[in-house]
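Good morning, and thank you for joining this group meeting. I would ask you to look at the sequence and the structure while I speak.

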Amino acid sequence: MHSTATTGLIRDEAILDEDIPPARERMVARDEEFERLRLALAPIERGEQIESIRVFGPQGTGKSHTTRVMLDHLERKQSGFDWTALSCHERDTRTQILATAVATVTTRPFQKLQNQSHTELRSELSHNVDRPLLVVCDEVDILDDQAMLALRDILRTPDCALGLIANDEEDFFEGVSPSLESRLKGSYHVEFDEYSVSDLVAILEQRAEYGLRDGVVSRRDLEAIAHEAQGNGSARQAIVTLRKAVKVAASRGRTSISVEDIEIAAPDARQYIRNKDYERLGEALQALVDVIEADGEEWVSCTRVRKQYDERMGGSVSGRKRRRLLNKLQNYGFIERRGDGKGAEYRYLELGSSDELKR
């Protein structure tokens with residue numbers, strides 16, 4: 001909860017929440033990507049077969065937010081379709097993904113559906129889809145081979161399509177079965193690049209205009225925050241830094257933020273985001289981070305990672321799944337790799353180290 005002093009500087013606290021996407025009319029810096037998504041889903045407005053989409057780009061570039069805002073916008077204009085979005089960190093099995101899809105087109109709750117077999121769920125899905133359904137799978141690049149079968153199941157169901165969101169297209173398609181790859185590579189592709197400093201300033205201006213009182217932050221302050229965040233590759237970093245800088249200013253009894261407030265807030269914001277990223281990883285990824293961090297050696301061999309991770313998980317994990325998880329941790333900036341194949345080595349990246357990857 002904000003203190004009274006902080007509340008005096010904030011007009012609308014929700015606007016400063018990095019996890020809440022802006023309304024369509026307040027979106028900035030992603031108009032081109034929004035339009036590409038709109039074109040990809042335009043067949044829905046004409047009552048035609050829905051098409052799958054795949055959305056790739058670095059961490060913190062607005063992929064998930066933009067996709068959800070686009071679908072909300074389309075749903076308000078055209079009610080003749082269904083969509084649902086899931087995080088593959090939270091629902092990472094074939095059954096859970098199919099249960100999410102079935103829950104969207106029936107009145108049955110997910111909690112009960114996930115107790116059914118995937119065969120039963122496929123049958124329920126095919127019998128209950130009576131208009132286009134788009135199933136958006138965020139962080140889809142962490143799924144193992146068995147979970148990937150749910151994507152095939154959905155694509156084989158009439159009037160169903162997929163929205164796939166991930167960091168790196170090459171990493172995602174590594175190991176995907178040829179039949180599924182051919183189906184997915186025929187889908188509509190939208191690429192998100194890292195935000196520029198000017199993009200981040202525009203994003204912060206919108207958040208400041210609607211979230212803060214007049215005069216709390218200047219454009220020069222926003223530019224300083226953007227430069228700090230751009231080096232870490234994330235709009236989330238910029239928004240959290242702004243919010244925390246306001247808290248610092250308020251705690252010092254000021255009515256506007258200063259460069260010093262930003263300098264204090266920035267490392268706290270980075271730690272905050274890293275902690276949230278870790279919480280979102282899920283058990284399998286958290287265990288892999290812990291194995292590499294706790295090893296005791298600066299660089300850990302691929303063989304040693306495999307052995308210790310299998311022990312930690314209580315059984316053998318396939319090499320393909322482990323590679324997917326390691327790639328994801330690199331994308332998040334938790335680890336660094338050197339070498340390839342069996343000669344690869346990994347090390348944990350301390351936050352703020354000179355070797356830290358762009359976030």
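This is a predicted model: local features need pLDDT of at least 70, side-chain atom pairs count only at pLDDT 80 or more; totals for chains, interfaces and linings use all residues.

Let us begin with the largest pocket. Its volume is about 1000 Å³. The lining consists of 46 residues, and those closest to the centre of the pocket are Glu18, Asp19, Ser64, His65 and Arg236.

Which elements each supply at least two residues of this lining? They are helix 4, spanning 63-77, strand 2 at 82-87, strand 4 at 160-166, helix 11 at 197-211, helix 13 at 235-251 and helix 14 at 259-280. Helix 4 provides the largest share, namely six residues.

I turn now to the second largest pocket. Here the volume is about 430 Å³. A total of 19 residues line this pocket, and Arg323, Asn327, Arg337, Gly341 and Tyr346 lie nearest its centre.

At least two lining residues come from each of three helices: helix 9 (169-173), helix 16 (302-313) and helix 17 (319-332). Which helix gives the most to this lining? That is helix 17, with seven residues. When the lining of the second largest pocket is sorted by class, four residues are nonpolar, six are polar and nine are charged.

Thank you for your attention.

Note on methods: Residues are numbered from 1 along each chain as its sequence is written. Side-chain values use heavy atoms; hydrogens and water are left out. On a 1 Å grid over the protein atoms alone, a cavity is a set of points where a 1.4 Å probe fits but cannot get out, and a pocket is an open set with protein on both sides within 12 Å along at least five of seven lines; lining residues have an atom within 4 Å of a point. Grid points are joined across faces, edges and corners, and a volume is the space filled by probe spheres set on the points. Helices (H or I, at least four residues) and strands (E, at least two) are DSSP runs, numbered from the N terminus. Ala, Val, Leu, Ile, Met, Phe, Trp, Tyr, Cys and Pro count as nonpolar, Asp, Glu, Lys and Arg as charged, and the others, Gly among them, as polar.
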